[in-house]
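User: I'm new to this one. Can you walk me through it in short answers?

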Amino acid sequence: MSVTFRSRSDDTPILECRNLSVTYSGRRGDVPAVVDFNLTLMRGEAHGLVGESGCGKSTIALAIMRYLGVSGRITGGQILFQGRDLLSLDAAELRQVRGADIAMIYQEPMASLNPSLTIGEQLIEVPMCHEAVSRREATKRARAMLERVRLADGDRMMRSYPHQLSGGQQQRIVIAMALLSHPKLLLLDEPTTALDVTVEAGIVDLIRDISAEFGTSMLYISHNLGLVRETCDRMTVMYCGQPVEVGRVQSVFSRMRHPYTRGLFAAIPSLGADKNTRPLTAIAGQLPAPGERPAGCAFGPRCASFVAGRCDQGTIPLAKVDALTGHVSRCVRVDEIDWLAEPPPREQRSTDVLSESVVSVSALTKRYQQVSANDGLSFEVNRGETVALVGESGCGKSTFARILMGLVQATSGSVTLSRVELSQLPVTKRSMKTIRSLQMIFQNPFDTLNPSHTIGAQIARVIRRLGIERDEARIRARVLELLDLVKLPRQFADRRPRQLSGGQKQRVGIARAFAGKPAVVVADEPVSALDVSVQAAITELLIDMQRREGTTLLFISHDLSVVRYLADRVVVMYLGQIMEQGRTQEVFAPPYHPYTEALLAAVPVADQNMLKRKVLLGGEMPSASQPPPGCRFSTRCSYRISGVCDVLAPPNQEFASGHRIACHLPREHLLAMQPVFREASQKTDYVS
Amino acid sequence: MNALIQQTREHRRSWMTPAQLIGALLLIVWVPLMAYVMFHQALGIAAPYVLLPSVPAVLALYVMAIYHWRESWVAVLGVTLVCFWLLVAVTVPYLPLLDPNKPLVPLALPGALKHGMSFMLGSDMRGRDVLSRTLWGCQRVLVWGITATSVAYVVGVGLGLIGGYLSGWWDEAVTFVGNVLLSFPVMVLFILVLNVLGQSGFNIIIAVTFSSAPIIMRIVRGLAMQEKSRDYIQAAQTRGESALWIMVMELLPNIRGPLIVDACLRLGYTTVAITTLTFLGLGLQPPDPDWGLMIKEAAPVALLWKYSYMLLVPSLAVTSLILGFNLTADGLREMSQRD
């Protein structure tokens, strides 16, 4: 656990924000982005800033760097860096502080690296520029730093160009570059959001060690509660530009004292529960539009404990929860709400799965020239079931979806839908019946709808095209009915996509997919681009729609917590092959495939009651154009049996019925594996 | 469900959307103007009346454009210039002007009053009124310029969509033809086309299409390639839409922004091209007034400072029209980046 108390020699905080306020001015007047933000960051401390998009967390980082651009303006308060007021510095002093004392790491590593210079040149530049050391000395330092950010083969790295490295390696280079100038403060803005979960785990490990090793203070911005819990000492939960709960990470997670924090937590699936035992609870309502902050408590209109007359008046001060650790909450009713109360029990649900195969995949292979994107996939999907395809980027899960939808054709093997062979049939040659029974929900809500047509027209087009209704009035009626089903107001039929939020667009995407009463819906990461609380609502909607229509859901995802929550069966893929498949409870419990074990251990956990075992996953994912012989995972597997795993293709070992693991390890070894997660014995007062 | 159907039957759409209104107004301006210039003989006795409905339509369009783009002074200035010439084009038959083709008094200086006729901007060496010729000339430049650009756009957008969306063999073919056409210097291409096909307004359209369509094709192709990877295109593909539907209904509306800006700029280029062609004695033929022709005819006389008005007036006219198109394009770009 990272949360250890560190002794501090120096009493001056590295960074102090006092009543910081930031305003963006636009065409429609001034919009406050950050209001009354306070922060004290000591030497070597890591502070997490959590909240959903639009809560002002990135604005704070930009304000500290004084990078607000032309429209943003600091309207009040102070930013003290080691006691110096950053707002009073001139351009030259600011440049000095930015490079040498404060460094920032962004979400997209590629955007921070110059694509036309080698990594070496970019790294050497830093000490040469800031400390005027010789080139030889700078090279030595850069080379040493590469080792400290745990990049193997440093000499080759120094000679490489950014595009020759993977996303994880690039982010390590960016971190190395930041650390080379010995910054006192590191601002990390969602540094792992663009990375795969196992890569993320490595970076998080590194970040956690930086403050211990270099004594660097960190401001860690993230939307992921689990990541903040695993990396930070203290945290601030932001809502609408205001901190709503501040305190030590442990204290906040074990005693959540703000309804928003609790709401966020209830909205994320935990690895210990699924859709039938603990339904997700989305936060009611929507974020207020910028510039329309409600009076009093900004969270008031969405809060279950709202009391008119008290929550909607004046300014709500931060109230003390625990004076000793400085845990505070911006809730007037902090002493009144019964925080220990159990949430109202939700109906227990169950899924009716018929053991009738709808989609059947056997030995499906897809090659793009040298790259084998899918290699010998075989699995069955039963009617009414939710099957999840899990794996990191490049594992071939989206290629499979494209083959199934008829956007590309398989090289060999077969996919059948209700016994109709589809692997070689492009969508333009499929019968209307097949097209109607197979629909898709897309990943990016901002891309899924045509920006030029109204919502109603787009849904109506699907209805007309698939031949469900012909009469114009009946089509219109069906559109309104579908909007009702996805819980959108009927007026939305006449709106255009740009007037909708991400979650609302994804609801329209779901309505469109279900318009033709399909037998099978393929959902390609339908919630991964959405905010936490919206994710919960969309996931629940998907489950609702599926139950109502008895649809089979093929869920493609990299997020194991969502998969654990939603899926009945799981297929784990790596480099185009299936590593493990089986019922969800079986895949998420031992015996594991070593890759599944590593994937599980990489998931950041927000639940204080869960203890996680550490599993090391070495190396990088090999290129799909040169997959390793034998078991494709053998290059990174910690259990590798030399001479076997890297030579022979692994056999499929069957455990419970349908639970298959493709691995060379002896059966006894697999059966003796320890669970990755374990309930902590020490109970906290949060009951979910 | 039945109640819902009943309810939607009663639900009435509003009479006309703003986009439809603008389209209708443009048609009311454009169709009579085109008929008046291109098919004057065919109109017979109706000719003097066809332009009457266009006058209020131009004014309405102008008011709408000014209101909509009031925040960008560049756009307002551009639209004002363009609408001024458009208004001149539709009102010129009703203005109390001298006959533009009739030799009256040669070399009358601006402001001169001779034989009871006032030559506000003087007359040329054959005695024709410069003001009248300039105002009448704008009709020809506008009609042929806009028509040629539109035809080039239809061809270019079609080919660009085919190349960008269908890709593969289609793309190769379309791009190759485009590259061949682009390898000719523009003027050589114009002269070639007009010499082979003969000199007329319709052949100017063909020449402009040959030179502009490949450029438009490239722009559209690039935009279409960018847009076609987006999820809503895949959504249309997975519901089995035809390629034609996807190109016209799904892709085209989403790339129209940059295309409208480019169209305004290209109107300017085409105006330059047509004026240059008539200056060289190609394309539109005398005696009907035309700015390029006026500049050409005035060139020898205008060497004398006294008679430079003959050159200046049509030059200023063509410059202001092109400036109008370019400023409108700039303003549109500015407005599109603001939202």
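Analyst: One term to start with: two residues are in contact if their C-beta atoms, placed from the backbone, lie within 7 Å. Also note that this is a predicted model.

User: Okay. Then what is A:Cys645 in contact with, leaving aside its neighbours within four places in sequence?
Analyst: A:Cys645 touches A:Gly630, A:Cys631, A:Ser634, A:Cys637, A:Arg640 and A:His664.

User: Where does A:Cys645 lie in chain A?
Analyst: In a loop of chain A, between strand 23 (610-612) and strand 24 (652-654).

User: Buried or exposed, that A:Cys645?
Analyst: Buried. The cut-off is 20 or more other C-beta atoms within 10 Å. A:Cys645 has 24 such neighbours, so it counts as buried.

User: And how far apart are the C-alpha atoms of A:Cys645 and A:Cys663?
Analyst: They are separated by 8.2 Å. Along the chain, the two residues are 18 residues apart.

User: New topic, helices. At what angle do helix 7 and helix 8 of chain A cross?
Analyst: Roughly 15 degrees. Helix 7 covers residues 167-180 and helix 8 covers residues 197-214, and their axes come within 10 Å. Angles under 35 degrees count as roughly parallel, so helix 7 of chain A is roughly parallel to helix 8 of chain A. The crossing is right-handed.

User: Which residues make that contact between helix 7 and helix 8 of chain A?
Analyst: From helix 7 of chain A: A:Gly167, A:Gly168, A:Gln171, A:Arg172, A:Ile175 and A:Leu179. From helix 8 of chain A: A:Val199, A:Gly202, A:Ile203, A:Leu206, A:Ile210 and A:Phe214. They divide into 7 nonpolar, 4 polar and 1 charged.

User: How does helix 8 of chain A cross helix 20 of chain A?
Analyst: At roughly 55 degrees, with the axes coming within 8 Å. Helix 20 of chain A is residues 594-602. The two helices are therefore oblique to each other. This crossing is left-handed.

User: Which residues meet there, between helix 8 and helix 20 of chain A?
Analyst: A:Val197, A:Thr198, A:Glu200 and A:Ala201 of helix 8 meet A:Ala598, A:Leu599 and A:Ala602 of helix 20. That contact has 5 nonpolar residues, 1 polar and 1 charged.

User: What span should helix 4 of chain A have?
Analyst: Helix 4 of chain A (residues 119-131) has 13 residues, so at 1.5 Å a residue it should span 18 Å. Its end C-alpha atoms are 19 Å apart, which agrees.

User: Which residues of helix 4 of chain A are buried, and what covers them?
Analyst: The buried ones are A:Ile119, A:Gln122, A:Leu123, A:Ile124, A:Val126 and A:Pro127. The cover includes helix 5 (135-148), helix 6 (154-159) and helix 7 of chain A. Just after helix 4, A:Ala132 takes a positive phi of about 55 degrees.

User: Over to chain B. How many helices and strands does chain B have?
Analyst: Chain B has 14 helices and 2 strands. Its C-alpha trace spans about 80 × 55 × 40 Å along its principal axes. Of its 339 residues, 38% are buried.

How values were computed. Residues are numbered from 1 along each chain as its sequence is written. Chains are lettered from A and ligands numbered from 1 in the order in which they are written. This is a predicted model: local features need pLDDT of at least 70, side-chain atom pairs count only at pLDDT 80 or more; totals for chains, interfaces and linings use all residues. Helices (H or I, at least four residues) and strands (E, at least two) are DSSP runs, numbered from the N terminus. A residue is buried if 20 or more other C-beta atoms lie within 10 Å of its own, exposed if 12 or fewer, and partly exposed in between; C-beta atoms are placed from the backbone. Axes are lines fitted to C-alpha atoms, for helices over the stretch in contact, and angles run from 0 to 180 degrees between N-to-C directions. Angles under 35 degrees count as roughly parallel, over 145 as roughly antiparallel, 65 to 115 as roughly perpendicular and the rest as oblique. A crossing is left-handed if the near helix is turned anticlockwise from the far one by less than a right angle, and right-handed if clockwise. Ala, Val, Leu, Ile, Met, Phe, Trp, Tyr, Cys and Pro count as nonpolar, Asp, Glu, Lys and Arg as charged, and the others, Gly among them, as polar. The expected span of a helix is 1.5 Å times one less than its number of residues.
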